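The following exercises concern the packing of one protein chain. Please work through each task before reading its solution.

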Amino acid sequence: MENRISLVTLGVRDLDRARAFYQALGWTPCGDNVGVVFFQANGMALALWTSPELAKDAKVNIAPRAGRDRPFGNISIA
């Protein structure tokens, strides 16, 4: 089996702002998806999703206040 990472998903607060950040770096979003943004990156993909949606998909809770230890780090690697 070949070891590799093919998808990194980041949970973000503001999806439009995060998309604009990566586009300002020269990245081009791919696909026409609602609620998630994908970028191709040399054989892997970077996905941006809102933090609540990513936590829901991972079946974990996000702590209600910043500064506390959170059970979820807003990242998923596949």
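A polar contact is a pair of N or O atoms within 3.5 Å; within protein, one atom must be able to donate a hydrogen and the other to accept it, and residues adjacent in sequence count only if both atoms are side-chain atoms. The model is predicted: local features need pLDDT of at least 70, side-chain atom pairs count only at pLDDT 80 or more, and totals for chains, interfaces and linings use all residues. Residues are numbered from 1 along each chain as its sequence is written, and side-chain values use heavy atoms, with hydrogens and water left out.

**Exercise 1.** Identify the residue whose side-chain oxygen lies at the start of helix 1, and describe what follows the helix.

Solution. Helices (H or I, at least four residues) and strands (E, at least two) are DSSP runs, numbered from the N terminus. At the start of helix 1, a side-chain oxygen of Asp14 comes to within 3.2 Å of the backbone nitrogen of Asp16. Just after the helix, Gly26 has a positive phi of about 100°.

**Exercise 2.** Determine which residues of helix 1 are buried and how they are arranged around its axis.

Solution. Buried means under 20% relative accessible area, exposed over 50%, and partly exposed in between (1.4 Å probe, protein chains only). In helix 1 (residues 15–24), the residues Leu15, Ala18 and Tyr22 are buried. Viewed down the axis of helix 1, the buried residues fall within an arc of 65° (taken from the directions from the helix axis to the C-beta atoms), so they line one face. An α-helix has 3.6 residues a turn, so residues three or four places apart point the same way. The face turned away from the buried side carries the exposed residues Asp16, Arg17 and Ala24.

**Exercise 3.** Locate Thr9 and decide whether it is buried or exposed.

Solution. Thr9 is found in strand 1. With a relative accessible area of 7%, Thr9 is buried. Its contacts include Ala47, Trp49 and Leu54.

Key:
Contact = heavy atoms within 4.5 Å.
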